[in-house]
Amino acid sequence: MANRGFSAKLKPASFVARSMSTTEGDETSIVDTCKEKIVKALETDDVKVTGAYDDPNGSHISIEVVSPMFEGKRAVQRQKLVYKAIWEELQGPVHAVDAMICKTPEEK
């Protein structure tokens with residue numbers, strides 16, 4: 001007889017690896033992963049990503065970015081660029097972005 005009401009859904013190994021963090025070894029926290037992706041997508045090293053309550057796995061994160069790619073863009077357009085960079089993480093380990101500050105170098 002089939003087990004009704006229970007459906008085991010396994011997450012891909014890549015999801016599990018991204019959602020775990022330690023200070024040892026080669027594993028990277030989700031906060032670090034988000035930062036790396038934003039740095040690459042927005043061509044800047046001026047990125048700060050923090051997890052709520054100093055949680056390195058950051059199911060809730062705050063983001064500060066200074067990038068010349070924001071020149072001539074409104075706030076919502078800037079935020080869309082950041083969200084696009086971390087879209088994969090928003091589908092899994094990151095539940096929400098609690099705060100986002102997006103500035104050009106001139107606004108810094």
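**View 1. Cys34, a buried cysteine in a predicted model.** Let's start with Cys34: its relative accessibility is 0%, so this cysteine counts as buried. Cys102 has a relative accessibility of 13%, and because buried means under 20%, Cys102 counts as buried too. What about disulfides? A disulfide is a covalent bond between the sulfur atoms of two cysteines. With a pair of cysteine sulfur atoms required to lie within 2.5 Å, the count here comes to zero disulfides.

**View 2. Helix α2 from end to end.** Helix α2 covers residues 30–42, which makes 13 residues.

**View 3. The buried residues of α2.** Which residues of α2 are buried? They are Ile30, Val31, Thr33, Cys34, Ile38 and Leu42. Looking down the axis of α2, you will find its buried residues within an arc of 160°, so they line one face of the helix.

**View 4. Ile101 in strand β3.** Ile101 sits in strand β3, which runs over residues 96–103. Its relative accessible area is 41%, so Ile101 is partly exposed. Which residues does Ile101 touch, leaving aside neighbours within four places in sequence? Ile101 is in contact with Ile63, Glu64 and Val65. Ala75 is 26 residues from Ile101 in sequence, and their C-alpha atoms are 8.9 Å apart in space.

Definitions and conventions:
Residues numbered from 1 in each chain as written. Predicted model: local features only at pLDDT ≥ 70, side-chain atom pairs only at ≥ 80, totals over all residues. Heavy atoms only, no water. Buried < 20%, exposed > 50% of the residue type's maximum accessible area, 1.4 Å probe, protein only. Helix = DSSP H or I, 4+ residues; strand = E, 2+ residues; numbered from the N terminus. Expected span 1.5 Å × (residues − 1). Arc of directions from axis to C-beta. Contact = heavy atoms within 4.5 Å.
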